[in-house]
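The following exercises concern the structure displayed below. Each task is followed by a solution in steps.

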Amino acid sequence: MTFVPLGHYLALGAVLFVVGLAGVLTRRSALVTLMSIEIMLNAVNLTVVAFARYKGLTEGHALAFFNIAVAAAEAAVGLALTLAVFRLHKAVDIDDLRILRR
Amino acid sequence: MGELVLFYVLAAGIVLSAVAVVLPPFGRNPLHSAMSLISSFFFLAAMYVTLSAHLVGALQIIVYAGAVMVLFTFVIMLLNLGPDDFGEPRIKGAKLMGLMLLFFIAGKIWTVFETASKEAKPVDLRLPEYKDFGGVEDVGKEIFTSQVLPFELVGVLLLVAVVGAVVLAKKRLDYVADAPPAADARLGHDHGAASTASASHGGGHP
């Protein structure tokens with residue numbers, strides 16, 4: 001029985017995390033920054049699920065479930081903040097954003 | 001052999017879609033980024049299924065591609081933003097430096113994990129104790145027995161997040177008692193409202 005080594009999954013998770021990190025650091029739009037954060041959360045999820053499969057632990061799947069719930073909460077609050085910022089500044093460029101009020 | 005081929009196909013899909021989120025090939029429209037992210041989520045869901053995490057794969061599609069990304073596309077279309085640009089880097093050669101550093105970090109993590117997991121073999125799912133591994137019953141039992149406290153806390157977190165999102169996205173914070181009357185429709189009185197919003201959060205009246 002052939003199998004994919006665990007290191008492959010972990011490496012894929014690491015690459016995905018770095019791609020998300022690059023998005024957070026380089027893009028200026030708050031929306032794309034939030035999407036990059038979702039990529040990073042998914043990279044962590046992939047790592048957790050891979051470990052769960054290799055160790056035979058269901059706890060990993062529960063952790064992934066909680067991670068998805070937290071990511072959904074984060075997206076909701078982040079998008080609401082983006083909306084509030086857009087109402088104030090008419091833009092969502094986080095390089096020009098310093099204060100959350102007028 | 002087939003497992004490896006499937007893994008590499010899915011991994012290529014995941015990474016290419018994720019790169020297309022950060023560096024969209026056709027301009028910098030945020031909607032293109034959102035579509036690439038949805039495609040990345042679908043590839044990831046397929047990979048979860050190959051890892052025998054059926055419930056997590058289904059949740060990935062239902063929650064991420066279904067709910068979170070609909071919220072994203074809704075906000076993108078609501079704001080109707082033009083394409084953004086990367087802007088001028090503050091340091092000369094910052095992009096090259098950052099790219100090199102990112103590859104360095106990725107390679108470093110790769111090496112650590114390769115050496116750490118060289119002999120790790122997956123458990124045999126044909127054993128009786130792994131019956132229905134990653135299915136709804138298996139994960140549900142785990143969540144509702146030994147993980148019940150985190151589950152309840154996640155429920156509270158989601159409630160707080162929903163209430164916070166609604167309050168933040170409100171057009172006018174008129175419910176704040178001592179805010180001066182609004183001069184115009186779009187947060188003309190925001191100075192007073194923002195400072196009192198947190199104070200009245202606990203005992204404020206609607």
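**Exercise 1. The fold and form of chain A**

From the N terminus on, the elements of chain A follow the order α-α-α. The model is predicted: local features require pLDDT of at least 70 and side-chain atom pairs pLDDT 80 or more, while totals for chains, interfaces and linings use all residues. Residues are numbered from 1 along each chain as its sequence is written, and chains are lettered from A and ligands numbered from 1 in the order in which they are written.

Task: State how many helices and strands chain A has, and describe its dimensions.

Solution. Step 1: chain A has three helices and zero strands; helices (H or I, at least four residues) and strands (E, at least two) are DSSP runs, numbered from the N terminus.
Step 1: the C-alpha atoms of chain A fill a box of roughly 60 × 25 × 15 Å along the principal axes.
Step 2: the radius of gyration of chain A is 17 Å, whereas a compact globule of 102 residues would have one near 13 Å. This quantity is taken over C-alpha atoms, and the globule rule is 2.2 Å times the number of residues to the power 0.38.

**Exercise 2. The side of chain A that touches chain B**

Task: Determine which element of chain A gives the most to the side that touches chain B.

Solution. Step 1: 66 residues of chain A are in contact with 72 residues of chain B, a contact being two residues whose C-beta atoms, placed from the backbone, lie within 7 Å.
Step 1: α1 (6–26), α2 (30–55) and α3 (59–89) of chain A each give two or more residues to this side.
Step 2: α3(A) gives the most, with 23 residues.
Step 3: by type, the residues of this side are 43 nonpolar, 12 polar and 11 charged. Ala, Val, Leu, Ile, Met, Phe, Trp, Tyr, Cys and Pro count as nonpolar, Asp, Glu, Lys and Arg as charged, and the others, Gly among them, as polar.
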